[in-house]
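Reader: I have a structure to read and would like to learn how to go about it. Could we take the features in turn?

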Amino acid sequence: MTKKQRAEIIQVELEKLYPTVPIPLEHTDPFTLMVAVVLSAQTTDKKVNQVTPNLFAVAGTPQRMAKLEEFQIKELIKEIGLSNTKAKNLKRMAELLLERHNGVVPQTYEELEALPGVGHKTASVVMSQGFGFPAFPVDTHIHRLMTQWKLTSGKNVVETEKDAKNIWKEEVWNKLHLQIIFYGREYSPARGNQERDFLTKMLFEK
């Protein structure tokens, strides 16, 4: 089976499983989405969604976030890993949005990635899920499964993203990256029983 054939099977099967895919991180606009993604680093989406309602009630805009002291932000996100660093980044990110962008989340990778705590993956999520631009954010599930499915060399997430964009058409990127994430969580967790991973079996078992 060729790489192209495997990719087509994956796309078809994931569409059957997840014809509609909700955005995992709860948010109301590009700013709250970006904050949630920053918080999600080395933390589960479930934990982020438990913390953000209280955070957004107090600091749901750049203006309100910037007015808080770091210790106040940290207190609101203390249940999340790396809360010290994330509190510092969120305050400075809000300040820079006000200083550089009139409090509006920018719509370019260059401007997004210039904000504290916003790397390429976070910027890709904001561009994709916040603004609807074609993007293929690669998280640990996608990186692992793409390697497992022999669709990438698996050396790093940069190569995995490039390979994914070369394999699938641009119009499916925004939905497909979420479908792969949901599949990874449900059928092929990094730690746990791999017996449910029917896609890998379908692709490689004779």
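Predicted model: local features only at pLDDT ≥ 70, side-chain atom pairs only at ≥ 80, totals over all residues.

Reader: What follows α6 in the chain?

Author: N102 follows α6, and its phi is positive, near 55°.

Reader: Which residues of α6 are buried?

Author: Buried here means under 20% relative accessible area. In α6 the buried residues are S83, K86, A87, N89, L90, K91, M93, A94, L96, L97 and H101.

Reader: Which helices cover them?

Author: The cover over the buried residues of α6 includes α2, α3, α4, α5 (70-76) and α7 (109-113).

Reader: How do I read a nonpolar core?

Author: Begin with the general idea. In soluble globular proteins, nonpolar side chains tend to be buried together. In this model the largest nonpolar core has 34 residues, and those touching the most other members are M34, V35, L55, M65, L90, M93 and L112. Two or more residues of this core come from each of α2, α3 (45-59), α4 (62-67), α6 (83-101) and α8 (120-130). The most come from α2, which gives eight residues.

Reader: Which residues does V35 contact, beyond its neighbours within four places in sequence?

Author: V35 is in contact with L55, F56, M65, L90 and M93. Another core, of 22 residues, lies apart from the largest one; L14, Y18, V172 and I180 are among its residues.

Reader: Is T32 buried or exposed?

Author: T32 has 1% relative accessibility, so T32 counts as buried. This residue is found in helix α2 (residues 30-39). Not counting residues up to four places away in sequence, T32 touches H27, F56 and G60.

Reader: How many residues of α8 are buried?

Author: Eight of the eleven residues of α8 are buried, and the helix is mostly covered. The buried ones are T122, A123, S124, V125, V126, M127, S128 and Q129. Their cover includes α2, α7, α10 (157-167) and α11 (173-187). After α8 comes G132, with a positive phi near 80°.

Reader: How should I read aromatic pairs, and how many are there?

Author: Read two values for each pair: the distance between ring centres and the angle between ring planes. Planes under 30 degrees apart count as stacked, and those over 60 as edge-to-face. The count for this model comes to seven aromatic pairs. One of them is Y183 with Y187, which is stacked, at 5.1 Å centre to centre with 20° between the planes.

Reader: Why are Y183 and Y187 separated by about one helical turn?

Author: The general point concerns the helix itself. An α-helix has 3.6 residues a turn, so residues three or four places apart point the same way. Y183 and Y187 are four residues apart in helix α11, so about one helical turn separates them. Both Y183 and Y187 are buried.

Reader: Why is the pair of Y183 and F198 called edge-to-face?

Author: Their ring planes stand at 80° with the centres 5.6 Å apart, so the pair is edge-to-face. This pair links distant parts of the chain, with Y183 in helix α11 and F198 in helix α12 (residues 198-204), 15 residues apart.

Reader: Now the whole protein. What is its secondary structure?

Author: The protein has twelve helices and zero strands.

Reader: How do I judge its overall form?

Author: Compare its radius of gyration with the value for a compact globule. With 206 residues that value would be near 17 Å, and the protein has 18 Å, which agrees. The C-alpha trace spans about 60 × 35 × 30 Å along its principal axes.

Reader: What share of the 206 residues is buried?

Author: Buried residues make up 46% of them. The accessible surface comes to about 10700 Å², and 52% of that belongs to carbon and sulfur atoms. As for contacts between residues at least 6 apart in sequence, 60% join residues at least 24 apart.

How values were computed
Residues numbered from 1 in each chain as written. Heavy atoms only, no water. Buried < 20%, exposed > 50% of the residue type's maximum accessible area, 1.4 Å probe, protein only. Contact = heavy atoms within 4.5 Å. Core = buried A, V, L, I, M, F, W, Y, C linked by side-chain atoms within 4.5 Å. Rg over C-alpha atoms; globule rule 2.2 N^0.38 Å. Areas by Shrake-Rupley, 256 points an atom, 1.4 Å probe, with all protein chains shown as cover. Phe/Tyr/Trp six-rings, centres within 6.5 Å; stacked < 30°, edge-to-face > 60°.
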